[in-house]
Amino acid sequence: MTKTLIPAAILIASLTLVDCAQAQSRSPRTPVDPPQRVDLSSASVSVPLEKEGPFYYTSVLVNGRPFRFTIETGASFVAISGRAAKALSLPTDSIDMRVMAGQSRRSAVVYIDSISVGGATFRGLTASVTPRWDTQSFDGIISVPYFTGLLVSLELSKSRLIFSRGKLPEPNGRDVVPIAGRDRAGRVDFDMDLGGVSTPVVVDTRSFVPLTIPDSMVGLLRTESPPQPIGGAMGPALGAFELQGARLSGAARIGSISIARPPIAFRNRPGAVLGVPILESIDVTFDVSHNRIRVASSTGRSVEIGQQPWETESTASAANSEPAVRRVGPSGPAAPASGQRTMGFNLAGFPPELRVINLVAGSDAERAGLKNGDVLVEFDGTSRDKMSPQIFRAAADRDRGTRIVVRRGTETLAFLVKPYVVP
(Lines give C-alpha, C1' and ligand atoms only; values in the text may rest on other atoms or scores of the structure.)
Protein backbone atom coordinates (compact mmCIF):
# COMPACT_ATOMS: atom_id res chain seq x y z
CA MET A 1 0.00 0.00 0.00
CA THR A 2 1.36 3.41 -0.95
CA LYS A 3 1.65 5.85 1.91
CA THR A 4 0.99 9.52 1.23
CA LEU A 5 2.28 12.22 3.52
CA ILE A 6 -0.28 14.99 3.92
CA PRO A 7 1.43 18.38 3.80
CA ALA A 8 0.86 20.77 6.66
CA ALA A 9 -1.68 23.44 5.87
CA ILE A 10 -0.61 27.04 5.31
CA LEU A 11 -2.51 29.15 7.82
CA ILE A 12 -4.64 32.09 6.74
CA ALA A 13 -5.95 34.85 8.98
CA SER A 14 -6.74 33.56 12.45
CA LEU A 15 -10.41 33.61 13.38
CA THR A 16 -10.13 32.23 16.89
CA LEU A 17 -7.75 33.03 19.71
CA VAL A 18 -7.38 30.86 22.80
CA ASP A 19 -5.16 32.07 25.62
CA CYS A 20 -3.54 29.05 27.28
CA ALA A 21 -1.25 30.82 29.73
CA GLN A 22 -0.18 34.25 30.87
CA ALA A 23 2.73 35.66 28.90
CA GLN A 24 5.98 34.86 30.67
CA SER A 25 9.67 35.36 30.06
CA ARG A 26 11.24 32.39 28.35
CA SER A 27 13.60 31.17 31.04
CA PRO A 28 11.06 30.05 33.72
CA ARG A 29 9.03 27.99 31.25
CA THR A 30 9.49 24.21 31.03
CA PRO A 31 8.46 21.44 28.60
CA VAL A 32 5.48 20.55 30.80
CA ASP A 33 3.98 24.03 30.38
CA PRO A 34 1.27 24.58 27.77
CA PRO A 35 1.81 26.97 24.86
CA GLN A 36 1.47 30.62 25.73
CA ARG A 37 -1.21 31.01 23.05
CA VAL A 38 -3.13 28.96 20.52
CA ASP A 39 -4.57 30.35 17.27
CA LEU A 40 -7.27 28.37 15.44
CA SER A 41 -8.07 29.14 11.82
CA SER A 42 -11.72 28.18 12.44
CA ALA A 43 -13.93 27.17 15.35
CA SER A 44 -13.11 23.51 14.68
CA VAL A 45 -9.83 22.39 13.10
CA SER A 46 -9.56 18.82 11.77
CA VAL A 47 -6.03 17.46 11.38
CA PRO A 48 -5.57 14.33 9.19
CA LEU A 49 -3.41 11.57 10.63
CA GLU A 50 -1.35 8.94 8.83
CA LYS A 51 -0.89 5.48 10.31
CA GLU A 52 2.48 3.81 9.89
CA GLY A 53 3.02 0.51 11.65
CA PRO A 54 0.95 0.66 14.86
CA PHE A 55 1.19 4.43 15.42
CA TYR A 56 -0.14 7.73 14.04
CA TYR A 57 1.69 10.73 12.59
CA THR A 58 0.98 14.15 11.10
CA SER A 59 2.86 16.89 9.27
CA VAL A 60 3.61 20.09 11.19
CA LEU A 61 5.43 23.39 10.74
CA VAL A 62 7.98 24.28 13.41
CA ASN A 63 8.91 27.96 13.14
CA GLY A 64 7.59 27.73 9.58
CA ARG A 65 9.63 24.67 8.53
CA PRO A 66 8.05 21.25 7.78
CA PHE A 67 8.58 18.26 10.07
CA ARG A 68 6.79 15.05 10.96
CA PHE A 69 5.42 14.51 14.48
CA THR A 70 3.79 11.50 16.11
CA ILE A 71 0.64 11.64 18.27
CA GLU A 72 1.76 10.88 21.83
CA THR A 73 -0.98 11.21 24.45
CA GLY A 74 1.22 9.17 26.79
CA ALA A 75 3.60 12.10 27.30
CA SER A 76 3.07 15.09 29.58
CA PHE A 77 5.76 17.28 28.00
CA VAL A 78 6.70 18.99 24.72
CA ALA A 79 9.72 17.53 22.91
CA ILE A 80 11.54 17.55 19.57
CA SER A 81 14.48 15.56 18.23
CA GLY A 82 18.07 16.76 18.38
CA ARG A 83 18.05 16.57 14.58
CA ALA A 84 15.17 19.08 14.37
CA ALA A 85 16.73 21.44 16.92
CA LYS A 86 19.94 21.48 14.88
CA ALA A 87 18.10 21.98 11.57
CA LEU A 88 16.27 24.97 13.08
CA SER A 89 19.50 26.40 14.58
CA LEU A 90 17.80 26.66 17.97
CA PRO A 91 20.10 27.59 20.86
CA THR A 92 19.83 25.16 23.77
CA ASP A 93 19.30 25.91 27.42
CA SER A 94 19.46 23.55 30.40
CA ILE A 95 16.80 23.02 33.07
CA ASP A 96 16.39 20.82 36.11
CA MET A 97 14.14 17.97 35.01
CA ARG A 98 12.66 17.55 38.47
CA VAL A 99 9.72 19.52 37.06
CA MET A 100 8.96 16.56 34.78
CA ALA A 101 7.60 13.28 36.19
CA GLY A 102 9.72 13.47 39.32
CA GLN A 103 13.03 13.25 37.48
CA SER A 104 16.05 15.01 38.92
CA ARG A 105 18.52 15.22 36.05
CA ARG A 106 19.24 18.29 33.96
CA SER A 107 18.24 18.26 30.32
CA ALA A 108 18.66 20.38 27.21
CA VAL A 109 15.66 22.45 26.09
CA VAL A 110 14.93 24.82 23.24
CA TYR A 111 12.41 27.65 22.87
CA ILE A 112 10.06 27.47 19.90
CA ASP A 113 8.10 30.42 18.53
CA SER A 114 5.37 28.36 16.85
CA ILE A 115 4.26 24.85 15.93
CA SER A 116 1.43 24.67 13.37
CA VAL A 117 -0.69 21.52 13.13
CA GLY A 118 -3.10 21.93 10.26
CA GLY A 119 -5.17 25.01 11.12
CA ALA A 120 -4.00 25.17 14.75
CA THR A 121 -0.90 27.18 15.69
CA PHE A 122 0.67 26.78 19.13
CA ARG A 123 2.88 29.71 20.12
CA GLY A 124 5.56 30.08 22.76
CA LEU A 125 6.66 26.54 23.65
CA THR A 126 9.60 25.13 25.56
CA ALA A 127 10.63 21.72 24.21
CA SER A 128 12.88 19.04 25.61
CA VAL A 129 15.57 17.96 23.12
CA THR A 130 15.46 14.18 22.58
CA PRO A 131 18.48 12.89 20.59
CA ARG A 132 17.26 9.27 20.65
CA TRP A 133 14.59 10.29 18.12
CA ASP A 134 17.29 11.21 15.61
CA THR A 135 17.14 7.65 14.25
CA GLN A 136 13.33 7.56 14.16
CA SER A 137 10.89 8.51 11.41
CA PHE A 138 9.56 11.52 13.34
CA ASP A 139 10.98 14.67 14.93
CA GLY A 140 8.56 15.49 17.74
CA ILE A 141 5.32 14.71 19.55
CA ILE A 142 1.83 16.14 19.85
CA SER A 143 1.32 15.56 23.57
CA VAL A 144 -0.81 16.57 26.58
CA PRO A 145 0.44 20.20 26.92
CA TYR A 146 -1.05 20.94 23.46
CA PHE A 147 -4.52 20.10 24.86
CA THR A 148 -4.68 22.80 27.55
CA GLY A 149 -7.47 25.33 26.99
CA LEU A 150 -9.00 23.37 24.11
CA LEU A 151 -11.33 20.49 23.37
CA VAL A 152 -9.25 17.87 21.56
CA SER A 153 -11.00 14.91 19.93
CA LEU A 154 -8.88 11.86 19.15
CA GLU A 155 -10.68 9.88 16.42
CA LEU A 156 -8.24 7.20 15.30
CA SER A 157 -11.07 5.28 13.59
CA LYS A 158 -11.30 8.23 11.19
CA SER A 159 -7.56 9.01 11.22
CA ARG A 160 -8.00 12.52 12.52
CA LEU A 161 -7.42 14.86 15.45
CA ILE A 162 -9.85 17.74 16.02
CA PHE A 163 -9.06 20.98 17.91
CA SER A 164 -11.98 23.17 18.98
CA ARG A 165 -13.23 25.49 21.70
CA GLY A 166 -15.75 24.80 24.41
CA LYS A 167 -16.33 22.76 27.53
CA LEU A 168 -17.61 19.24 28.07
CA PRO A 169 -20.73 18.70 30.20
CA GLU A 170 -20.38 17.60 33.80
CA PRO A 171 -19.35 13.92 34.21
CA ASN A 172 -22.35 11.59 34.10
CA GLY A 173 -20.65 8.18 34.34
CA ARG A 174 -21.86 7.24 30.86
CA ASP A 175 -20.17 9.16 28.05
CA VAL A 176 -18.45 11.86 30.13
CA VAL A 177 -16.10 10.70 32.90
CA PRO A 178 -13.72 12.61 35.16
CA ILE A 179 -9.97 12.59 34.68
CA ALA A 180 -8.69 10.55 37.60
CA GLY A 181 -5.53 12.63 38.05
CA ARG A 182 -3.65 9.75 39.67
CA ASP A 183 -0.92 9.33 37.07
CA ARG A 184 2.41 10.38 38.57
CA ALA A 185 3.61 11.79 35.23
CA GLY A 186 0.59 14.09 34.84
CA ARG A 187 -0.84 12.31 31.81
CA VAL A 188 -4.56 11.90 31.10
CA ASP A 189 -6.01 8.95 33.02
CA PHE A 190 -9.51 7.80 33.92
CA ASP A 191 -11.00 4.94 35.92
CA MET A 192 -11.70 1.74 34.01
CA ASP A 193 -13.66 -1.23 35.33
CA LEU A 194 -11.88 -4.54 34.69
CA GLY A 195 -14.40 -7.24 35.53
CA GLY A 196 -15.37 -5.55 38.77
CA VAL A 197 -11.92 -4.18 39.64
CA SER A 198 -11.48 -0.44 39.08
CA THR A 199 -8.09 1.04 38.17
CA PRO A 200 -6.93 4.30 36.53
CA VAL A 201 -5.62 3.84 32.97
CA VAL A 202 -3.57 6.30 30.91
CA VAL A 203 -4.60 7.09 27.33
CA ASP A 204 -1.44 6.30 25.34
CA THR A 205 -1.31 6.52 21.54
CA ARG A 206 2.26 5.18 21.53
CA SER A 207 1.32 1.84 23.08
CA PHE A 208 0.72 -1.00 20.63
CA VAL A 209 -0.78 -3.25 23.34
CA PRO A 210 -4.59 -2.99 23.83
CA LEU A 211 -4.40 -2.84 27.63
CA THR A 212 -1.26 -2.96 29.78
CA ILE A 213 -1.66 -3.66 33.51
CA PRO A 214 0.94 -3.94 36.31
CA ASP A 215 1.60 -7.56 37.23
CA SER A 216 0.74 -6.75 40.86
CA MET A 217 -2.89 -7.13 39.68
CA VAL A 218 -2.47 -10.69 38.35
CA GLY A 219 -4.17 -12.15 41.44
CA LEU A 220 -6.98 -9.57 41.40
CA LEU A 221 -8.28 -10.05 37.85
CA ARG A 222 -10.04 -13.09 36.45
CA THR A 223 -8.47 -14.20 33.18
CA GLU A 224 -9.55 -16.97 30.81
CA SER A 225 -6.21 -18.71 31.29
CA PRO A 226 -3.04 -18.05 33.32
CA PRO A 227 -0.91 -15.20 31.89
CA GLN A 228 1.80 -16.48 29.53
CA PRO A 229 5.17 -14.86 28.69
CA ILE A 230 4.96 -12.86 25.48
CA GLY A 231 8.33 -11.09 25.49
CA GLY A 232 9.38 -7.56 26.32
CA ALA A 233 8.87 -3.94 25.40
CA MET A 234 10.58 -0.64 26.11
CA GLY A 235 9.47 2.80 27.26
CA PRO A 236 11.41 6.08 27.48
CA ALA A 237 10.88 6.45 31.23
CA LEU A 238 10.49 2.83 32.37
CA GLY A 239 13.20 1.22 30.24
CA ALA A 240 12.85 -2.42 29.15
CA PHE A 241 10.17 -4.49 30.85
CA GLU A 242 8.72 -7.99 30.55
CA LEU A 243 5.17 -8.80 29.40
CA GLN A 244 2.70 -11.63 30.08
CA GLY A 245 -0.45 -11.96 27.99
CA ALA A 246 -3.97 -13.12 28.81
CA ARG A 247 -7.64 -12.38 28.08
CA LEU A 248 -9.88 -10.88 30.74
CA SER A 249 -12.72 -13.21 31.67
CA GLY A 250 -15.78 -11.07 31.00
CA ALA A 251 -15.94 -7.43 29.99
CA ALA A 252 -14.12 -4.21 30.82
CA ARG A 253 -16.03 -0.93 30.94
CA ILE A 254 -15.30 2.73 30.25
CA GLY A 255 -18.42 4.61 31.25
CA SER A 256 -21.22 2.87 29.34
CA ILE A 257 -18.88 1.33 26.76
CA SER A 258 -18.27 -2.41 27.15
CA ILE A 259 -15.09 -4.08 25.84
CA ALA A 260 -15.65 -7.82 25.53
CA ARG A 261 -12.82 -10.05 26.81
CA PRO A 262 -10.05 -7.48 26.25
CA PRO A 263 -6.49 -8.77 25.72
CA ILE A 264 -4.26 -7.75 28.63
CA ALA A 265 -0.49 -7.56 28.86
CA PHE A 266 0.76 -7.64 32.45
CA ARG A 267 4.11 -5.91 32.95
CA ASN A 268 6.58 -5.80 35.81
CA ARG A 269 6.20 -2.02 36.06
CA PRO A 270 3.56 0.21 37.70
CA GLY A 271 0.70 1.94 35.92
CA ALA A 272 -2.07 0.83 33.54
CA VAL A 273 -2.16 1.98 29.90
CA LEU A 274 -4.90 1.97 27.23
CA GLY A 275 -3.27 1.48 23.83
CA VAL A 276 -3.96 1.96 20.13
CA PRO A 277 -5.95 -1.26 19.39
CA ILE A 278 -8.71 -0.15 21.79
CA LEU A 279 -8.39 3.56 20.99
CA GLU A 280 -9.09 2.74 17.32
CA SER A 281 -12.57 1.64 18.42
CA ILE A 282 -13.23 4.50 20.86
CA ASP A 283 -13.32 8.23 20.12
CA VAL A 284 -11.94 10.25 23.03
CA THR A 285 -12.45 13.99 23.57
CA PHE A 286 -10.08 15.61 26.09
CA ASP A 287 -11.13 18.58 28.21
CA VAL A 288 -7.97 18.82 30.28
CA SER A 289 -8.75 22.29 31.63
CA HIS A 290 -11.94 21.01 33.28
CA ASN A 291 -10.62 17.54 34.22
CA ARG A 292 -12.99 15.44 32.15
CA ILE A 293 -13.11 13.39 28.97
CA ARG A 294 -15.86 12.10 26.70
CA VAL A 295 -15.78 8.58 25.26
CA ALA A 296 -17.84 7.23 22.39
CA SER A 297 -17.61 3.88 20.65
CA SER A 298 -17.16 4.11 16.89
CA THR A 299 -18.77 0.64 16.50
CA GLY A 300 -21.66 0.83 18.99
CA ARG A 301 -21.64 0.34 22.76
CA SER A 302 -19.82 -3.02 22.65
CA VAL A 303 -16.21 -3.20 21.47
CA GLU A 304 -14.39 -6.37 20.46
CA ILE A 305 -10.62 -6.62 20.00
CA GLY A 306 -9.29 -9.24 17.60
CA GLN A 307 -6.54 -11.77 18.15
CA GLN A 308 -3.19 -10.39 19.18
CA PRO A 309 0.14 -11.63 17.80
CA TRP A 310 0.95 -13.48 21.02
CA GLU A 311 -2.35 -15.41 20.71
CA THR A 312 -1.57 -16.67 17.21
CA GLU A 313 2.12 -17.42 17.82
CA SER A 314 2.46 -19.66 20.85
CA THR A 315 6.17 -19.12 21.35
CA ALA A 316 6.72 -15.70 19.77
CA SER A 317 6.09 -12.37 21.40
CA ALA A 318 3.95 -9.48 20.26
CA ALA A 319 7.03 -7.31 20.46
CA ASN A 320 8.99 -9.59 18.12
CA SER A 321 11.12 -10.79 20.99
CA GLU A 322 13.07 -13.99 20.67
CA PRO A 323 10.76 -16.98 21.25
CA ALA A 324 10.79 -18.27 24.84
CA VAL A 325 14.09 -16.59 25.67
CA ARG A 326 12.89 -15.50 29.11
CA ARG A 327 9.92 -16.79 31.05
CA VAL A 328 8.51 -14.07 33.24
CA GLY A 329 6.29 -14.02 36.29
CA PRO A 330 5.45 -11.39 38.90
CA SER A 331 8.69 -12.22 40.71
CA GLY A 332 10.88 -11.65 37.64
CA PRO A 333 12.48 -13.52 34.71
CA ALA A 334 13.66 -17.11 34.84
CA ALA A 335 16.76 -18.38 33.05
CA PRO A 336 16.36 -19.85 29.54
CA ALA A 337 16.59 -23.61 29.14
CA SER A 338 19.93 -25.30 28.49
CA GLY A 339 20.41 -26.20 24.82
CA GLN A 340 17.99 -23.56 23.59
CA ARG A 341 18.96 -21.87 20.33
CA THR A 342 18.64 -18.08 20.38
CA MET A 343 20.02 -15.07 18.53
CA GLY A 344 21.70 -13.88 21.71
CA PHE A 345 19.40 -10.86 22.06
CA ASN A 346 15.76 -9.78 21.93
CA LEU A 347 13.98 -7.17 19.83
CA ALA A 348 11.58 -4.94 21.74
CA GLY A 349 8.98 -2.57 20.37
CA PHE A 350 6.77 -2.97 17.32
CA PRO A 351 7.59 -2.51 13.63
CA PRO A 352 8.87 -0.14 12.43
CA GLU A 353 10.54 0.76 15.75
CA LEU A 354 12.48 -2.18 17.15
CA ARG A 355 15.46 -2.02 19.50
CA VAL A 356 18.00 -4.57 20.70
CA ILE A 357 17.52 -5.57 24.35
CA ASN A 358 18.63 -8.43 26.63
CA LEU A 359 21.99 -8.88 24.87
CA VAL A 360 23.48 -12.16 26.16
CA ALA A 361 27.01 -11.92 27.56
CA GLY A 362 29.33 -14.25 25.68
CA SER A 363 27.01 -14.65 22.70
CA ASP A 364 28.18 -14.13 19.12
CA ALA A 365 25.90 -11.07 19.00
CA GLU A 366 27.87 -9.45 21.82
CA ARG A 367 31.24 -10.45 20.33
CA ALA A 368 30.19 -9.10 16.93
CA GLY A 369 29.54 -5.68 18.49
CA LEU A 370 25.75 -5.35 18.91
CA LYS A 371 24.68 -3.21 21.87
CA ASN A 372 21.47 -2.87 23.87
CA GLY A 373 19.48 0.05 22.49
CA ASP A 374 20.64 -0.35 18.88
CA VAL A 375 17.75 0.46 16.51
CA LEU A 376 16.99 -2.23 13.93
CA VAL A 377 17.20 -1.21 10.26
CA GLU A 378 17.32 -4.60 8.54
CA PHE A 379 17.34 -8.24 9.65
CA ASP A 380 18.51 -10.94 7.22
CA GLY A 381 17.42 -8.82 4.25
CA THR A 382 14.04 -7.96 5.80
CA SER A 383 13.36 -4.28 6.51
CA ARG A 384 12.37 -3.36 10.07
CA ASP A 385 8.76 -2.57 9.11
CA LYS A 386 8.25 -6.14 7.81
CA MET A 387 9.85 -8.01 10.70
CA SER A 388 7.93 -10.90 12.23
CA PRO A 389 8.49 -13.52 14.95
CA GLN A 390 8.73 -16.20 12.25
CA ILE A 391 11.70 -14.48 10.56
CA PHE A 392 13.46 -14.07 13.90
CA ARG A 393 12.86 -17.69 14.89
CA ALA A 394 14.00 -19.06 11.51
CA ALA A 395 17.32 -17.20 11.85
CA ALA A 396 17.92 -18.74 15.28
CA ASP A 397 17.30 -22.23 13.87
CA ARG A 398 19.93 -21.91 11.13
CA ASP A 399 23.59 -22.90 11.38
CA ARG A 400 24.88 -19.79 9.64
CA GLY A 401 25.29 -16.12 10.38
CA THR A 402 22.54 -13.53 9.92
CA ARG A 403 23.27 -10.03 8.62
CA ILE A 404 21.83 -7.45 10.98
CA VAL A 405 21.89 -3.71 10.23
CA VAL A 406 21.26 -1.22 13.07
CA ARG A 407 21.46 2.48 13.77
CA ARG A 408 23.48 3.69 16.72
CA GLY A 409 23.30 7.44 17.15
CA THR A 410 24.11 8.87 13.72
CA GLU A 411 25.88 5.70 12.50
CA THR A 412 24.47 2.81 10.47
CA LEU A 413 26.30 -0.43 11.35
CA ALA A 414 26.15 -3.96 9.91
CA PHE A 415 26.97 -7.17 11.81
CA LEU A 416 27.09 -10.88 10.96
CA VAL A 417 25.64 -12.73 13.94
CA LYS A 418 25.57 -16.50 14.50
CA PRO A 419 22.92 -18.14 16.68
CA TYR A 420 23.73 -18.72 20.35
CA VAL A 421 23.07 -22.03 22.09
CA VAL A 422 22.39 -21.71 25.82
CA PRO A 423 25.00 -23.81 27.73
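Predicted model: local features only at pLDDT ≥ 70, side-chain atom pairs only at ≥ 80, totals over all residues.

Guide: Residues are numbered from 1 along each chain as its sequence is written, and side-chain values use heavy atoms, with hydrogens and water left out.

Visitor: How many salt bridges are there by this rule?

Guide: A salt bridge is a side-chain nitrogen of Lys or Arg within 4 Å of a carboxyl oxygen of Asp or Glu. The count comes to 17. One of the pairs is Lys51 with Glu280, whose closest N and O atoms are 2.7 Å apart. Lys51 belongs to strand 4 (residues 50–52) and Glu280 to the loop between helix 2 (276–279) and strand 24 (282–287), so the pair ties together parts 229 residues apart in sequence. Helices (H or I, at least four residues) and strands (E, at least two) are DSSP runs, numbered from the N terminus.

Visitor: Which salt bridge does Arg292 form?

Guide: Its partner is Glu170, with the closest N and O atoms 3.6 Å apart. This pair too links distant parts of the chain: Arg292 is in strand 25 (residues 292–297), and Glu170, 122 residues away, is in the loop between strand 13 (160–164) and strand 14 (176–178).

Visitor: Is Arg292 buried or exposed?

Guide: Buried means under 20% relative accessible area, exposed over 50%, and partly exposed in between (1.4 Å probe, protein chains only). Arg292 counts as buried because its relative accessibility is 8%, whereas Glu170, at 54%, is exposed. In the Lys51 pair, Lys51 is partly exposed at 35%, and Glu280 is partly exposed at 23%.

Visitor: With which residues is Ala272 in contact?

Guide: Contact means heavy atoms within 4.5 Å. Leaving aside neighbours within four places in sequence, Ala272 touches Thr199, Pro200, Val201, Val202, Thr212, Ile213 and Pro214. Ala272 lies in strand 23 (residues 272–274) and is buried, at 3% relative accessibility.

Visitor: How many bridges join strand 34 to strand 35?

Guide: Two strands pair if DSSP finds at least two bridges between them. Here seven bridges join strand 34 (residues 402–408) to strand 35 (residues 411–417), and the two run antiparallel. Thr402 stands opposite Val417. The hairpin has two residues between its strands, and Gly409 takes a positive phi near 65 degrees.
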